[in-house]
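Please walk through the fold of this chain, following its strands and one of its helices in turn.

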Amino acid sequence: MEKLLLKQKQYITEIADIHESELANQNIDYSKTRLSVGLREEMINYGLKYNTDLIWLETQKEQLIGFIWARYLKDYNKVTIEMLYINEAFRKQGIATRFKNEVEAWAQAQGAQKIESTVANHNVGMQQLNLNMDYHVSKVIMTKNLRVNNEDNREK
């Protein structure tokens, strides 16, 4: 496990791409574009440059197999986990647990009082890992997509 450095541009681009792909997979009304990936790269660069964000990587022969991206929100005295990703071929090997332990140690070193993480409803494995690590459910977000009738979506 290593910390991502600003000079590791190839990993920053790959993380931005994975993040945008996952958002598109989880949200029917979200599209991954070159612009959205570029903006996500800028977000990562900014957070690393100004030391508000930390990303730990797990690599094997320079291939990214997983990462966790955390952000310290000083005004709220908390750390948010932006994303935890493990390549499917490397899951259930304890990598996510090690990542989460690193985030917890870093959060405590920052003086944070809590860690927040959003987990997709279908990701039962991550929910269970969080519960096993003394996280608790603080809210459930439920959505309903409404049919919109406008010029771009007229009934035919």
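How many bridges join strand β1 to β2, and in which sense do the two run? This is a predicted model, in which local features need pLDDT of at least 70 and side-chain atom pairs count only at pLDDT 80 or more, whereas totals for chains, interfaces and linings use all residues. Residues are numbered from 1 along each chain as its sequence is written, and side-chain values use heavy atoms, with hydrogens and water left out.

Strand β1 (residues 2-3) is joined to β2 by two bridges, and the strands run antiparallel; here strands (E, at least two residues) and helices (H or I, at least four) are DSSP runs numbered from the N terminus, and two strands pair if DSSP finds at least two bridges between them. K3 has W56 of β2 as its bridge partner.

On β3, the pairing with β2 is likewise antiparallel and extends over eight bridges, with Q60 partnered by Q63 of β3. Two residues lie between the strands of this hairpin, where K61 takes a positive phi near 55°. Because six of its eight residues are buried, β2 is largely enclosed by the rest of the structure; buried means under 20% relative accessible area, exposed over 50% and partly exposed in between, with a 1.4 Å probe and protein chains only.

Just after α2, N51 adopts a positive phi of about 60°.
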